[in-house]
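The following exercises concern one protein chain.

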Amino acid sequence: MEDHPELDYGSPGALVFYAEKFLGRGYELRLEQSLRRKPSIPTVMMLNRLLNGTSGEDHRAYLVLLRSVPSHPEATPDTRRLAGHCFQQFGSSDEIGDRGN
């Protein structure tokens, strides 16, 4: 997904459903690492799905990660817009305080 962010992998698609089988077994860390290297529309959508299913400290940490995408130098304009839109759905930055970008 990092190397070919322009491909349509489905919404969310079989690849995402397969990857989500590894929830709690490294999926979250791998997704975070990918988003930190080169965010893409599919990985932002995957993060959004994680946010929909989490609360508490995990949710806040994922919001911090999502908030960092629009300023990431490797993010495309479309990826930045999607990340901003997703972030707005989860409320204001007051929910995550001043931690991270």
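Each exercise below consists of a task and a stepwise solution.

**Conventions.** The model is predicted, so local features need pLDDT of at least 70 and side-chain atom pairs count only at pLDDT 80 or more, while totals for chains, interfaces and linings use all residues. Residues are numbered from 1 along each chain as its sequence is written, and side-chain values use heavy atoms, with hydrogens and water left out.

**Exercise 1. Describe the secondary structure and burial of the protein chain**.

Step 1. The protein chain has 5 helices and 0 strands; helices (H or I, at least four residues) and strands (E, at least two) are DSSP runs, numbered from the N terminus. The pattern along the sequence is α-α-α-α-α.

Step 2. Of the 101 residues in the protein chain, 36% are buried. Here buried means under 20% relative accessible area, exposed over 50%, and partly exposed in between (1.4 Å probe, protein chains only).

Step 3. Among contacts with a separation of 6 or more, 62% are between residues 24 or more positions apart. A contact means heavy atoms within 4.5 Å.

**Exercise 2. Determine whether the end-to-end distance of α5 agrees with its number of residues, and which of its residues are buried or exposed**.

Step 1. The expected span of a helix is 1.5 Å times one less than its number of residues. The 13 residues of α5 should therefore span 18 Å, and its end C-alpha atoms are 19 Å apart, which agrees.

Step 2. The buried residues of α5 are T79, A83, C86 and F87. Because these buried residues fall within an arc of 100 degrees when seen down the axis of α5, they line one face of the helix; the arc is that of the directions from the helix axis to the C-beta atoms. An α-helix has 3.6 residues a turn, so residues three or four places apart point the same way.

Step 3. P77, R81, Q88 and Q89 are exposed on the other side of α5. The cover over the buried residues of α5 includes α3 and α4.

**Exercise 3. Characterise the packing of α4 against α5**.

Step 1. Helix α4 covers residues 56–68, and H59, Y62, L63, V64, L65, L66 and S68 are buried in it.

Step 2. The axes of α4 and α5 come within 8 Å and cross at roughly 145 degrees. Axes are lines fitted to C-alpha atoms, for helices over the stretch in contact, and angles run from 0 to 180 degrees between N-to-C directions.

Step 3. The α4–α5 crossing is left-handed, meaning that the near helix is turned anticlockwise from the far one by less than a right angle. L63, L66 and R67 of α4 and A83, C86 and F87 of α5 make the contact.

**Exercise 4. Is F22 buried or partly exposed, and where is it found?**

Step 1. F22 is found in the loop between α1 and α2.

Step 2. Because its relative accessibility is 32%, F22 counts as partly exposed. F22 touches Y27 and E28, not counting residues up to four places away in sequence.
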